[in-house]
Amino acid sequence: MRKQGVVASAAGLVPFGHLGWGFRDRTDFLARAAEYLADGLEQNQLMAYIGNKSREALQAELAEMPGIGDRPGSAGIQVIHVEEHYVFRPGSNVIDAERCVTKYLWCAEQAIANGYTGLRAVSDVTPVARTPEQRHALAALEYLVDQKMAVLPVSALCAYDTSELGPAAAELICLHPFAATNGSAFRLYAEPGLGFALTGEIDAASDELFITTLRRVWPLVTDDPLVIDVHRLEFISHQALLALDQHARAVGRRVVLRAGRGVPARLADLLDLTNVRVEPPVEDPDAPGAGSAPAP
Amino acid sequence: MSKTRCTEPSGFTHSALFYRGAQDYVDAVAGFVIDGLGLGQPVLVAVPQDNLALLRDALGDAAAEVTMADMTEVGRNPGRVFGLFGAFVGKHPGRRVRIVGECIWPGRSAERYPACVKHEASANKAFGSRELMALCPYDAERLDDDTLADARLTHPLVWQAGSVDHSGEYAPDVALARYNQPLPYNPGAISYTVRKLADLSGARSFASRYAGWHGLSREGIADLQLIATELATNSLRRTGGACRLAFWPHNGHLVCEARDRGRFENGSVTPRVTSPVTPHPPIDSELFVVNAIADLVRTHVTAGATTIQAYLRLGQVPAEAR
């Protein structure tokens, strides 16, 4: 079972941890980036620092990061402009999720071949998340790359400027196993062997975000039945559960919720769901220490 | 009362049966069931367990063709009965069905009685378009005159002594108004105000801690979280204003109350007949969930305020006396 959690800093996600972070203040972003990169240096990972600035400006930011600029190995951190880092659909500013993933995997292979233990990136993703079309494509990337991060030595801190993106940042932050305290009410992330896992809370405040996220991720998961681990989902509203059932019915697919004894299982008992059924989790979530978040 | 012939009408018919003694009960109810089976109609019988036993004996092999439920359990919360009946109707699309529903019996508690009368009064509108023949037995020997008078208010037809009559007193809105009574508030309650959707998470945490203090199981905590969230969500969606949740223990239950400054469109809270099936359901869908979970749901609606109290059972609570 994959580690996940709500975190107050970017430190301690070792050896890997896919983190979504919303920031209003660039100082906060730089502090989290420094924490994340410092762990990568300790782990001998190949690292990249990506932003919408010139190489010189990004190098200058790295040099001023506390504990990074003067640290041995920091000179090896690659600085890359967002337009070089992401692969875009021809003639657009919308990323091509599948080609991005292919590129990352190639980079990870190169890193391992060159003696590193893996690949770690810090990216201010804001410039490619400004429009609904960009976020739709980026959501696909976040989910697809998280599938790889669940099993390969690759990880990233994906930062989103909430002063610019507003509530839309949550559309992407919710696609990370780790997120900042105020990042998103729930998180959807890849779980090996399953369609995906859900954690956190889904109520009337986040129903719409859940439905948007579901529609974006659904086509990327071809399993039938689609198995969703919800035993760490603390709450789901009946509207959200009905939305899941309705969507499954509309596309003719079945959904299995792996649930413990909490709210999702209770609600499923009460509602006339046609395409969603509940099964117990493979691992007993009530067993001591099972599936516990590291909360670094 | 005016005499009318007992024929098989169409649409929803809602009759009270005033019975006197076990034989009268068996003759009328078993006859109603056998007539329905003879017409090929699915039949649901939801009555208290001792009457269920009488009917099983009287029906013999035919009992196997009848769906039976102990009303003292499935109908502990009268607001849940609509869901039970609605689900039965829904299982037989395109067919006329019969239901025997005895939700008022001697010993039904004073706390639950108003909700029972509201259930009976609301049934006429709630099931109005369905092909359903409902018979509601009342023990005319042991129930008091006021209860029988309420049954005449809430049922357009009354059966007794082998004949069926239109009720001259039929006035369900009068019954709804009469039992739309202010609800008791516990001054020792602890409260939490929900002003916006983002407050729901905090309300849930608050409910969860409160449930923990009272030793609720994990399932019980989940139930109280659902009740608090669904009541507050309903309030916010219906009024756009704040909702005050309050919690207190009462006679083996935890009470979760939602109080707001809105009102239901028709001035009363009618439980849903069917489970909500779309993610954008009508305004009462949250209450379907609350009624399905709670042991009792009480409501009071005025021109400027709505109060809903959901009672969640703390462990085993004895059945109401018969």
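## Contacts between chains A and B

A salt bridge is a side-chain nitrogen of Lys or Arg within 4 Å of a carboxyl oxygen of Asp or Glu. By this rule, four salt bridges cross the interface of chain B and chain A. In one salt bridge, the side chains of R266(A) and D223(B) meet at 2.5 Å, N to O.

This is a predicted model, in which local features need pLDDT of at least 70 and side-chain atom pairs count only at pLDDT 80 or more, while totals for chains, interfaces and linings use all residues. Residues are numbered from 1 along each chain as its sequence is written, chains are lettered from A in the order in which they are written, and side-chain values use heavy atoms, without hydrogens and water.

## Extent of the interface

In chain B, 28 residues are in contact (heavy atoms within 4.5 Å) with 24 residues of chain A. The buried area between the two chains is about 2200 Å², with 56% from carbon and sulfur atoms; buried area is the accessible area (1.4 Å probe) that two parts lose on being put together, summed over both.

## Helix α9 of chain A

Helices are DSSP runs of H or I, at least four residues, numbered from the N terminus. Helix α9 of chain A covers residues 238-250.

Of the 13 residues of α9(A), 10 are buried, meaning under 20% relative accessible area (1.4 Å probe, protein chains only). Among them are H238(A), L241(A), D245(A) and A248(A). Just after α9(A), G252(A) has a positive phi of about 65°.

Notes:
Helix = DSSP H or I, 4+ residues; strand = E, 2+ residues; numbered from the N terminus. Expected span 1.5 Å × (residues − 1). Buried < 20%, exposed > 50% of the residue type's maximum accessible area, 1.4 Å probe, protein only.
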